[in-house]
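Subject: Structure handover

Hi,

Here is the structure for you to work with. My notes follow below it.

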Amino acid sequence: MHQIWTTVLQAIEAKMSDQNFDVWIRPLRFVSFTGSTLTLMAPNLYHKEWFEDNYKRSLQREILKQAGSEITIEVLVQPPASKAPRDPADSPDPRAAASRVLPTPHGAACRKSSAPVSTSSSSLNDRYRFDSFVVGPSNQFAHAAAELVAKMPGSKYNPLFIYGGTGLGKTHLLQAIGHAVLEKDAARSVTYITAERFMNEFINCLRQGKMEEYRERYRSHCDVLLIDDVQFLAGKDRTQQEFFHTFNALHENKKQIVITSDKFPNQMPELEERLKSRFSWGLIVDILVPELETRVAILKKKAELDSIPLPDDVAHFLASRIRSNVRELEGALIRVAAFSSLQGRSITVEFTQQILQSMLSSGCEQVTIEHIQREVSSYFNIRPKDLKSSRRPRSISFPRQIAMHLCRKLTPASLSEIGRQFGGKDHTTVLSADRKIKALIEQDEATRQSVEALERILTR
Ligand code: ADP
Ligand code: MG
């Protein structure tokens with residue numbers, strides 16, 4: 001085991017409760033440490049996600065302290081072969097098939113892609129392909145643009161900038177482009193990298209005097225650059241500069257650049273103007289929260305891919321309960337399937353309801369209209385019932401408009417449903433409130449900050 005990992009383990013063990021350490025940290029296995037990336041292996045997907053959501057950051061901080069360098073932690077999922085002696089998909093018992101869900105390969109190391117990927121730093125998840133992406137009104141524009149770019153990289157829409165909330169499929173689409181490009185022409189070099197990793201590699205190469213190598217890798221040996229979560233670069237000035245030059249070099253040579261972000265370029269004040277302007281040279285597309293039919297279709301697709309016996313009524317039930325984030329929707333399905341196989345029970349609405357209840361109380365709560373009304377009224381120090389009234393003073397109408405905007409953005413509720421829950425307002429009132437706040441976000445710093453703060457509170 002690497003020295004750093006042993007030291008870090010000791011340091012964080014002292015800081016965590018024994019139980020949490022035993023449950024979430026000890027089972028992680030050390031895989032490799034390459035200087036900028038520490039790779040660990042989690043026993044299953046659920047473990048990986050829990051770790052990433054709750055412990056990864058503090059671990060990274062600890063390593064920065066111990067080793068003095070910024071590193072990226074990557075977590076792989078233990079491949080099924082070492083856990084299951086036979087392939088449960090061959091079994092006629094549907095419960096056995098569902099047990100495949102836990103150790104499903106999800107990490108980069110488990111990919112069995114036939115196509116080579118250009119650099120050692122890029123890796124594509126085998127599951128993120130166009131054929132596993134469900135298209136609906138919320139994402140059809142982004143999907144069409146992504147397919148077009150994959151067909152003719154560098155010749156249209158350069159860069160393609162995809163933005164949208166967390167867990168709505170940005171990374172999936174981005175990697176699907178990579179797969180499709182490689183399927184057509186395996187000789188092309190496709191680089192997928194998160195902005196965070198781009199920065200960490202940059203810093204490490206800078207320290208080690210290897211900038212030539214770094215530039216070579218991203219500027220010369222790259223036909224398609226897929227850069228994920230670019231909002232991460234906000235405020236990181238030197239990395240932005242480096243990225244700016246990388247961007248220019250690739251763009252001049254007609255190499256395709258695809259960028260994802262959880263924010264629209266203009267909503268990132270700490271991003272250099274010249275980068276923002278370049279981001280809008282090509283095409284900017286958004287991905288919205290999928291509506292019910294699309295959520296059901298996504299669940300069915302996932303169930304099919306993982307051989308989970310998912311009855312229609314359960315798919316519908318899950319999709320109607322978990323509305324604003326596809327990743328959580330998927331997580332719920334995985335949990336339900338895992339518990340059903342562990343407890344030997346079949347997947348019914350009643351069973352799913354039980355599992356979901358424990359999930360909802362463990363903090364995976366969805367954003368609801370009531371939730372938004374509660375937080376907005378406490379943020380602006382007014383009474384929730386004021387939001388539902390028809391009172392017009394700005395101290396009340398402004399929070400009301402913000403709340404309506406957030407309902408549009410964070411929940412899949414229709415205009416008339418939102419209007420109804422705001423004391424029976426007309427759908428046009430909701431629409432104009434939403435438009436007004438969107439315009440204000442662009443023009444007025446204070447509004448933008450309030451809306452962002454509220455979004456953080458609501459989605460944490
Ligand atoms: P983001 O990068 O926007 O945070 P991801 O691309 O990681 O979101 O998506 C989260 C999960 O939801 C992934 O497992 C992805 O496969 C799945 N997902 C999101 N949208 C779709 C879709 N339209 N069809 C199928 N799966 C989807
Ligand atoms: Mg992502």
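Lys254 counts as exposed, at 63% relative accessibility. The classes are these: buried is under 20% relative accessible area, exposed is over 50%, and partly exposed is in between, with a 1.4 Å probe and protein chains only. Lys254 lies in the loop between helix H10 (237-252) and strand E7. Helices (H or I, at least four residues) and strands (E, at least two) are DSSP runs, numbered from the N terminus.

Some ground rules before going on. This is a predicted model, where local features need pLDDT of at least 70 and side-chain atom pairs count only at pLDDT 80 or more, while totals for chains, interfaces and linings use all residues. Residues are numbered from 1 along each chain as its sequence is written, chains are lettered from A and ligands numbered from 1 in the order in which they are written, and side-chain values use heavy atoms, with hydrogens and water left out.

Back to the backbone. Most residues other than glycine have a negative phi, and most peptide bonds are trans. Lys254 is not a glycine, yet has a positive phi of about 60°. Ser307 is not a glycine either, and its phi is positive at about 50°. Ser307 sits in the loop between H12 and H13. It is partly exposed, with a relative accessible area of 27%.

There is also a cis peptide bond. It runs from Asn158 to Pro159, with omega near 0°. Pro159 belongs to the loop between helix H6 (140-151) and E4.

**Strands**

Start with E4, residues 160-164. Four of its five residues are buried. E4 pairs with two strands; a pair requires at least two bridges found by DSSP.

- With E7 (residues 256-261), E4 pairs in the parallel sense over four bridges. Tyr163 has Ser261 of E7 as its bridge partner.
- With E8 (residues 283-287), E4 pairs in the parallel sense over five bridges. Ile162 has Val285 of E8 as its bridge partner.

Next comes E6, residues 224-228. Five of its five residues are buried. Which residues cover the two faces of E6? Val224, Leu226 and Asp228 are on one side, Leu225 and Ile227 on the other, and all are buried.

E6 has parallel pairings too.

- E5 (residues 190-194) and E6 pair in the parallel sense over five bridges. Ile193 has Ile227 of E6 as its bridge partner.
- E6 and E7 pair in the parallel sense over four bridges. Leu225 has Ile257 of E7 as its bridge partner.

**Ligand 1**

There are 18 residues around ligand 1, and Val134, Gly167, Thr171, His172 and Glu330 come nearest. A residue is near if one of its heavy atoms lies within 4 Å.

- Lys170: an N or O atom of the side chain is 2.8 Å from an oxygen atom of ligand 1.
- Lys302: an N or O atom of the side chain is 3.0 Å from an oxygen atom of ligand 1.
- Arg327: a polar side-chain atom is 2.9 Å from an oxygen atom of ligand 1.

On its own, ligand 1 has 560 Å² of accessible area, and the protein covers 97% of that. Accessible areas come from the Shrake-Rupley method with a 1.4 Å probe; for residues, only the protein chains shown count as cover. Helix H7 (170-184), helix H12 (292-305) and helix H14 (326-343) are the elements that give two or more residues to the shell. At least three shell residues come from each of domain 2 (100-287) and domain 3 (292-362). The domain bounds come from an automatic or database domain assignment.

**Two buried residues**

Asp306 is in the loop between H12 and helix H13 (312-321). It is buried, with a relative accessible area of 6%. Its C-alpha atom is 9.7 Å from that of Ala337, 31 residues apart along the chain.

Ala403 is in helix H18 (residues 394-410). Is Ala403 buried or exposed? At 0% relative accessibility, Ala403 counts as buried.

How values were computed
A polar contact is a pair of N or O atoms within 3.5 Å; within protein, one must be able to donate a hydrogen and the other to accept it, and residues adjacent in sequence count only if both atoms are side-chain atoms.
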